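User: I would like a close look at one part of this model, and then at what lies around it. Please keep the wording plain.

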Amino acid sequence: MFAYLLRRLLYAIPILIGVNLLTFALFFVVNTPDDMARLQLGAKHVTPEAIERWKSEHGYDKPLLLNHAAEGSAQFTDTIFFQHSAAMFVFEFGKGDDGRDIGNEIRNRMGPSLAIALPVFVVGLLVNITFALLMVFFRATYLDLWGVVLCVVLMSISGLFYIIAGQYFIASLWKLLPISGFAGGIGGLKFILLPVLVSVVAGIGGGSRWYRTIFIEEIGKDYVRTARAKGLSELRVLFRHVLKNGMIPILTGAVVVIPTLFMGSLITESFFGIPGLGSYTIDAIQAQDFAVVRAMVFLGSVLYIVGLILTDLSYSWVDPRVRLQ
Amino acid sequence: MDIQPVILWTDGLIFALLAGVLALAWSISRQEHLRAPWAAVGRRPMAMGAALVLGVFVAIGLLDSLHYREKLADSPVDKPQYSVEVLSVFDALVGDLRTRNEKTYSAPLAMHLYAKEFVDRDGQAVREYPRLQYGGAHLRDATERRPDIVRRSAIALTQGLAASLLLFGVLAAWQARRAKLSLGEWLTRWGEGRLGWPGRTLVCMATLLLILAGVLMHLAAGYHVFGTDKVGQDVLYITLKSIRTGLVIGTLTTLVTLPLAISLGIAAGYFRGWVDDVIQYVYTVLNSIPGVLLIAAAVLIVQGYIESHPELFDNAAARADVRLLALCLIMGMTSWTGLARLLRGEALKLSTLDYVDAARAFGVSHTRILSRHIFPNVFHLVLIAIVLDFSGLVLAEAVLSYVGVGVDPSMHSWGNMINGARLELAREPTVWWQLGAAFTFMFTLVLAANLFADGVRDAFDPRREGGR
C-alpha cells in the first residue's frame, strides 16, 4: 500500500514537469516577454526603453534557459526558467501584475471558493442521486421517459442562463436573497445560498441522467434478481442493494473532482462576486496577467493529479477485490 | 451587380466537411451492415424531429458561409474596387433586415424607441418616446399596431398551413406511388404511424417550422421582431447570424483534431509498449491542465499575434475568421484526449482478436492492419463522439466569450450577445429581448443536437438496446 502510494507520487513528478515545460513554452517561448510587455503597455506607450523597463520590473529581463553572463550554478539559476517556472515546484509563484504575492492571494481565496464549491458538490450529489433513484424506481413508465426528456432539456440550457435567471428572479425581482457579495462567518450564509442553489439546479440534468444509467446497469445484474427472488420488496432492493453497489462508480468518479473544488468555479464566482480563486483567475485572464494564469495552471494540475491518486485509493477502499500493486 | 467571392478559412473547411459527410453518406448507403444502424436512427421519431430542426439551422449556416464582396459603385471599370464589408448569401436573402438600424434599444414589435428624447413638435421641444425609423413605420398611430400584428400573423399562419399541406400532398402522392398503395391507404397508414418511418412527427414538425418561418418573415417585414440592441441593430438578424458561429465551433473543433485523436489513440492501443507510454504521458499532461485556463492562455497568445500582425489580414472579417478557427483548434487541442483514450481502449481489445492475429501471421503490414482491420471497427466510436461533443461545444462558446477569450467581439455569436447584454437586465425598464433571443436559439440548437445524439448513440451502441 505504502509502496504503491510512493510509486504513484513519483509518477506524478514527470507529469508535473511536463505541465511545467508546456506552460513555460506557451508563456515564454511562443509568447515572449517582449510580447507580454507590448500587450501590457498598450499600443501608445511601446518604446524599446519602456519594454525593457517593464521586463526588468517583472524580472523577465534574464535569458530564458542559460545565462552565459553568470558564473557557476548561477548560469542555470539566474534565468527566467529557473526563477519563474521551476520555482513553482516549491509553490513560489512570485507576484502578479498588481504587485501582490500570488501564493498569499491563493491562500486567502481558497476559503471563499470552498464555501461555494463544497456545498454545491455535496448537495448536488444528493439531489442527483435522489432524482436518478426516482427515475429508476419508475423505470419503463411514462414518468421515467419524461424524466429523461426533462434531463435532456435541462442539459440543453446554457449554464449562464441559470445564473442570470436566478439572479434576476430570486435576487432582483423578488428580493429574497442578495444578488452578489460575500462575508465570512454565519452572516455570510445568505450570500452562499443563491450561488449554491443555482449551481445545483444547473447540474441536475446531466448528473441525474448519468447516475440513472449507472443504476439501470446495476439493476440488470444477477444479484438483484436473486434479491427479488428472495421476496424482498422493490424499495428494499433499490435502497439496500442497487444504491449501495451503484454508489461505487459514482463515488469513485466523484473523487477526482474533490481536490479541484479548491479552484472554485470561474463563472459562478465572477457573477456572484465571490472573492475566490475562480474570480481571481477570470480577473487575471481579463487583465492578461500571465503570472497569475501560469500559477493557476500549475495549481490546477497538481490538484488534478492528487485527485487521480485519491481515485485509485478509493477504488481499493470501496472494493477490496482491487489490489494496489 | 458585380461581386467578388470571398472564401474565408472556416468557409473552406465547412464545405470540405459537407463534401466529406456527403461522400460518407453515399458509401454508407451502399453497404448493408453500415446502413442498418442509420435506418434505426431513422425510425426514431424524437431523433428525426430533432434532425429536421438541425437541418434548418445547418441550411442557414451554410447560406451564411457563402461570402462575397460587392463592387463599389464608383470604382473604375478597368480596375474594380470592392467594398471592405464581407457579405454572405444569407445577408442578401434577408434583404434590408441587416441595414434597418434604429438609434438604440427598442422592444420587440415596438413602434417607439426605448428611451425618451426631445422631439420637435409644432415648433416646441417635447420630451417623448420618438417613433422608430423602420419598426412599425407603416402605421399611423399606436391603436393600429395590435390589429396589424394579428393580421400579419393570421396571413402567415394560413400561408404556412397551405405550404405545409401542399408539401404533404406531394409527399403523399410520391410515397404512395413508390409503395404501390392507393392514396387513401397510404394516408391511413400515415395516420396510424405504420409507415416504417416517423411520418407523423416529421410532418407535424415541418408544419410547425413553416408556420414559424412565415410568422417571422411577415412580422420582420414591418417590425423588429426581437427588438433592437444598444446600437439599434435588429436582434433577429444578429441571432440568425450567430447560428453560423455556433455551428462552426460545434463541428470544426472536433474535425480539426480527429486525425490527432484517431492516430494517437489507435497507435497507443495497437503498438503498446513505449508508444503507449509516451502517448499516455502526453494526454495525462494535457488533461491535468484545467481546460479553460489552457484555452484562455492560448487564445490570449493568438490574439496578441493577430493584433501585432495586421498586415496578414485584408479585412476585419478575415481577422475575426482566423480567430474563430484558432479558437476551434485550441478547444480541439484540449478535448481530443477523451476520444483518444476511448479509442486506445478499443484498439487494445481489438488487437488481441483472432482475425488481427491471423492478419499478422500472413505478414500484413502494420499500416494495413490499422487501416483495414482496426479503424473500420472503431469508426462508430468516432462518430458518436462527434455527435455527442457538438452540443457541449456550442454551450462552451458562450462561456468562453463571457470570460473574454471567445470569438472576436466583432463577430456575431450567442456568447457575445449574452456578454453584451449582461447589464441590460439591470436597466429600468428591463431590456430582456437580446438575452432572450440568444438563449432561445442556443437552447433550440443544443436541444435538437442532444436529442439527435441520443438517437445515434442508442442505435450504434448495442449494449443500450432496449435499455430503458
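In which helix of chain B is B:Ser401 found?

Analyst: The model is a predicted one, and B:Ser401 is found in helix 13 of chain B. B:Ser401 counts as buried because it has 25 C-beta neighbours inside 10 Å, and the cut-off for a buried residue is 20 or more. Leaving aside residues up to four places away in sequence, B:Ser401 touches B:Gly406, B:Val407, B:Ser413, B:Gly415, B:Asn416 and B:Asn419. B:Trp414 lies 13 residues from B:Ser401 in sequence, and the C-alpha atoms of B:Ser401 and B:Trp414 are 8.6 Å apart in space.

Helix 13 of chain B covers residues 366-403, and this helix also takes part in the meeting of the two chains. In that meeting, 37 residues of chain B are in contact with 40 residues of chain A. On the side of chain B that touches chain A, two or more residues each come from helix 9 (273-288), helix 10 (291-308), helix 13 and helix 15 (433-460) of chain B. Helix 10 of chain B gives the largest share of that side, with 10 residues. By class, the residues on that side of chain B are 27 nonpolar, eight polar and two charged.

One place is helix 7 of chain A, which runs over residues 142-156. Helix 7 of chain A has 15 residues and reaches 21 Å from its first C-alpha to its last, close to the expected 21 Å. Its buried residues are A:Gly147, A:Cys151, A:Met155 and A:Ser156. These buried residues of helix 7 pack against helix 6 (102-137) and helix 9 (189-219) of chain A, and also against helix 13 and helix 15 of chain B.

Another place is helix 8 of chain A, residues 159-173. Helix 8 of chain A also has 15 residues, and its span from first to last C-alpha is 20 Å, close to the 21 Å expected. A:Leu160, A:Phe161, A:Tyr162, A:Ile163, A:Ile164, A:Gly166 and A:Gln167 are buried in this helix. What covers them includes helix 9 and helix 12 (266-272) of chain A, along with helix 13, helix 14 (414-420) and helix 15 of chain B. Just after helix 8 of chain A, A:Lys175 takes a positive phi of about 55°.

Chain A as a whole has 14 helices and zero strands. Of its 325 residues, 35% count as buried. The radius of gyration of chain A is 25 Å, whereas a compact globule of 325 residues would have one near 20 Å. Its C-alpha trace spans about 85 × 60 × 35 Å along the principal axes. Among the contacts in chain A with a separation of 6 or more, 67% are between residues 24 or more positions apart.

Back in chain B, one pair of helices can be described in some detail. Two packed helices are described by the angle between their axes and the distance between the axes. Helix 8 (residues 235-271) and helix 11 (residues 316-350) of chain B pack at an angle of about 35°, and their axes are 5 Å apart. The crossing of these two helices of chain B is right-handed. Their contact has 23 nonpolar, eight polar and three charged residues.

Notes
Residues numbered from 1 in each chain as written. Chains lettered and ligands numbered in written order. Predicted model: local features only at pLDDT ≥ 70, side-chain atom pairs only at ≥ 80, totals over all residues. Contact = placed C-beta atoms within 7 Å. Helix = DSSP H or I, 4+ residues; strand = E, 2+ residues; numbered from the N terminus. Nonpolar A, V, L, I, M, F, W, Y, C, P; charged D, E, K, R; others polar. Expected span 1.5 Å × (residues − 1). Buried ≥ 20, exposed ≤ 12 C-beta atoms within 10 Å, placed from the backbone. Rg over C-alpha atoms; globule rule 2.2 N^0.38 Å. Axes fitted to C-alpha atoms, helices over the stretch in contact; angles between N-to-C directions. Left-handed = near helix turned anticlockwise from the far one by under 90°.
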